[in-house]
Amino acid sequence: MQIRPAVLALAAASTLALALASAAFAAGIPDKLDAASYRRLSPSLAISGKPSQEALASLKQSGFRTAIDLRQPAEGVPSAREAVEAQGLKFLSVPVSPDTLTLLDAQKVAAVLSDQSAAPVLLFCSSSNRVGGVIAVIERMRGRSKEEALAEGRKAGLRSAAMENAVLKILDETAATAASGR
């Protein structure tokens with residue numbers, strides 16, 4: 001079966017239009033949001049401390065498709081979930097603290113961040129400290145050195161000694177597991 005050049009050209013144009021529309025949608029996430037320590041890290045990822053209820057209720061209008069909340073349930077996760085899901089957006093709760101952070105938590109977040117259909121994503125906690133911790137672990141998973149990963153985590157909000165110690169513990173355990181060949 002021979003495919004006509006016009007059909008190929010139409011398919012290529014459609015693919016290009018879809019790609020440009022997706023990029024434009026992703027690039028549309030705001031530079032500002034009513035949330036503590038809000039930062040746009042890329043066209044597909046913004047991070048913050050606790051967003052206001054108004055900000056959560058307008059995530060779709062702001063261009064987001066997914067919100068990941070790192071707070072504990074008692075910190076307002078149910079109302080955040082309700083506000084996000086009411087807009088038809090995806091919501092993921094990965095409750096972490098310095099005492100509970102694991103490699104699996106970071107892997108769950110990384111899986112969503114690598115899913116193009118989930119982008120753009122808002123990753124948040126109460127102050128961006130836990131966000132920074134998770135970002136540090138993800139950056140190490142992506143091949144950055146321990147020091148580079150910590151620096152990226154600090155830029156993203158990692159600032160408490162307790163969270164940094166939790167991150168270092170994961171990074172050290174991960175390095176030991178890799179060195180032993182497990």
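This is a predicted model: local features need pLDDT of at least 70, side-chain atom pairs count only at pLDDT 80 or more; totals for chains, interfaces and linings use all residues.
Residues are numbered from 1 along each chain as its sequence is written, and side-chain values use heavy atoms, with hydrogens and water left out.

Ser 52 sits in the loop between β2 and α2 (53–57). Helices (H or I, at least four residues) and strands (E, at least two) are DSSP runs, numbered from the N terminus. With a relative accessible area of 16%, Ser 52 is buried (under 20%; exposed is over 50%, partly exposed in between, with a 1.4 Å probe and protein chains only).

From here, step onto the sheet. Five strands form an open sheet in the order β1-β2-β5-β3-β4, with mixed pairing; two strands pair if DSSP finds at least two bridges between them. At the edges are β1 (39–42) and β4 (90–93), each pairing on one side only. β1 and β2 (residues 45–48) run antiparallel, joined by three bridges, and Arg 40 stands opposite Ala 46 in β2.

The bridge partner of Asp 69 is Ser 93 in β4. Along β3, Thr 66 and Ile 68 point one way, Ala 67 and Asp 69 the other way, and all are buried.

Now for the pocket. A pocket is an open set of points on a 1 Å grid over the protein atoms alone, with protein on both sides within 12 Å along at least five of seven lines; a 1.4 Å probe that fits but cannot get out marks a cavity instead, and lining residues have an atom within 4 Å of a point. The largest pocket has a volume of about 290 Å³, the space filled by probe spheres set on points joined across faces, edges and corners. Of its 18 lining residues, Leu 41, Leu 45, Ile 135, Glu 139 and Arg 142 are the closest to its centre. β1, α4, α5 (129–141) and α6 (146–155) each give two or more residues to this lining.
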